[in-house]
Amino acid sequence: MWALIHSSFVKSQLLRVILVPGVVAGLTVMSSRFLAAGAPWLWRGLAGLSVPAAFLASYFAVYRDLTFPPATVLSWVPWFVVALAVATPLARRIGAAFMVIALPILVAAIATAVLLWPILGRDPPFVAVPLWAAAAAVWSTLWVISGVRDVGRWPFAAVSLIASAGLAVVAPLSGSILLGELAAALAVALVATVILAGFSGTPGLSDAGRATTAFVLGTLALDLRFYAGAGAGIIVAFVASLIVGFATSVAIRRYPFKQPWPVLAPAIAASIPVVVAVGIAFRASHMGGGGY
């Protein structure tokens with residue numbers, strides 16, 4: 001056990017997946033206080049980039065790819081994250097309500113086509129179009145639901161943390177250590193942002209952070225299903241996790257529950273389908289599998 005902890009593989013994982021996103025999230029929040037002194041709106045805006053910045057830093061530490069045009073499916077991830085980090089706060093600041101809903105639908109539709117193009121491009125249209133439409137519809141629906149007012153920032157962070165942690169466990173069992181590393185990096189970025197918000201007084205998970213989280217979770221789910229070969233039951237379980245978590249968050253706000261139940265209850269509800277997904281992946285891992 002001690003030898004395993006000191007192995008080069010474990011050390012690299014601790015550095016790239018835990019230390020890098022944690023440190024970058026902290027630096028982003030703390031430096032925003034000095035860079036935007038006297039301008040609260042700018043301070044909140046810079047601090048709100050902690051999740052995108054932390055995830056991108058870990059992405060580069062893990063995958064080391066910033067090609068344009070992107071050479072692989074995952075090469076598209078940083079460009080989408082950067083675009084969302086810019087577009088989401090602007091849409092909210094403009095105050096156009098339709099943009100808050102239209103942006104997730106548009107991004108989900110485009111991202112699904114881009115990420116699944118190696119598969120969609122080789123299938124006939126009568127197969128490719130329904131596949132793209134179904135994947136984009138599920139992704140965009142969950143994304144829009146996650147952004148409604150009744151799903152608060154903290155419950156969203158808790159449910160997303162459960163889902164990303166579950167993906168970090170399921171992906172290696174399905175044959176993809178890389179996707180597991182990226183899922184773990186997102187989980188660490190969320191945890192670091194939540195902890196730092198408590199100490200620094202920042203508003204917590206920003207619009208850019210929520211958009212980054214929704215995009216990365218959707219990307220990892222698509223990659224896990226279509227490229228790593230995870231079973232449909234695993235993906236259905238994760239979709240159910242998000243639905244149950246967000247629905248619990250909406251329902252519990254209608255009753256006068258005190259903290260921490262408005263945050264804890266959605267997390268507990270979301271964890272049940274995640275445990276099912278881990279169980280399915282563990283059973284499937286004994287039967288072999290592919291991935292990358």
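Which residues of H4 are buried? They are Ser50, Val51, Pro52, Ala54, Phe55, Leu56, Ala57, Ser58, Tyr59, Ala61 and Val62. Buried here means under 20% relative accessible area, exposed means over 50%, and partly exposed lies in between (1.4 Å probe, protein chains only).

Before going further, a word on the model: it is predicted, with local features needing pLDDT of at least 70 and side-chain atom pairs counting only at pLDDT 80 or more, while totals for chains, interfaces and linings use all residues. Residues are numbered from 1 along each chain as its sequence is written, and side-chain values use heavy atoms, with hydrogens and water left out.

## The chain as a whole

The protein chain has 13 helices and 0 strands. Helices (H or I, at least four residues) and strands (E, at least two) are DSSP runs, numbered from the N terminus. Of the 292 residues, 47% count as buried. Contact means heavy atoms within 4.5 Å. Among contacts with a separation of 6 or more, 76% join residues 24 or more positions apart.

From first C-alpha to last, H4 reaches 18 Å, close to the 18 Å expected at 1.5 Å a residue; the expected span is 1.5 Å times one less than the number of residues. Just after H4, Arg64 takes a positive phi of about 55 degrees.

Ser50 counts as buried because its relative accessibility is 1%. Its side chain makes a polar contact of 3.0 Å with the side chain of Thr193. A polar contact is a pair of N or O atoms within 3.5 Å; within protein, one must be able to donate a hydrogen and the other to accept it, and residues adjacent in sequence count only if both atoms are side-chain atoms. Leaving aside neighbours within four places in sequence, Ser50 is in contact with Ala25, Thr28, Val29 and Thr193.

The Thr28 side chain reaches the backbone oxygen of Val24 at 2.7 Å.

The largest cavity has a volume of about 30 Å³, and the count comes to 1 cavity of 30 Å³ or more. On a 1 Å grid over the protein atoms alone, a cavity is a set of points where a 1.4 Å probe fits but cannot get out, and lining residues have an atom within 4 Å of a point. Grid points are joined across faces, edges and corners, and a volume is the space filled by probe spheres set on the points.

## Helix H13

H13 covers residues 261-285, and its 25 residues reach 35 Å from first C-alpha to last, close to the 36 Å expected. This helix bends by about 25 degrees at Ile272, and Pro273 follows within four residues. The bend at a residue is the angle between axes fitted to the seven residues ending there and the seven starting there. Among the buried residues of H13 are Pro262, Ala265, Pro273 and Val274. The buried residues of H13 pack against helix H9 (153-173) and helix H12 (232-252).

## Pairs separated along the chain

The table lists three residue pairs with their C-alpha separations.

| Pair | Separation in sequence | C-alpha distance |
|---|---|---|
| Ala136 and Ile110 | 26 residues | 8.3 Å |
| Ala228 and Ala171 | 57 residues | 7.9 Å |
| Arg92 and Ala208 | 116 residues | 9.9 Å |

Ala136 belongs to helix H8 (residues 125-146) and is buried at 8% relative accessibility. Not counting residues up to four places away in sequence, Ala136 touches Ala108, Ala109 and Thr112.

Ala228 lies in the loop between H11 and H12, and is buried, with a relative accessible area of 3%.

Is Arg92 buried or partly exposed? Arg92, in helix H5 (residues 77-94), counts as partly exposed because its relative accessibility is 44%. Not counting residues up to four places away in sequence, Arg92 touches Val100 and Asp207.

Terms used
1 Å grid on protein atoms, 1.4 Å probe; cavity = no way out; pocket = protein on both sides within 12 Å on 5 of 7 lines; lining within 4 Å.
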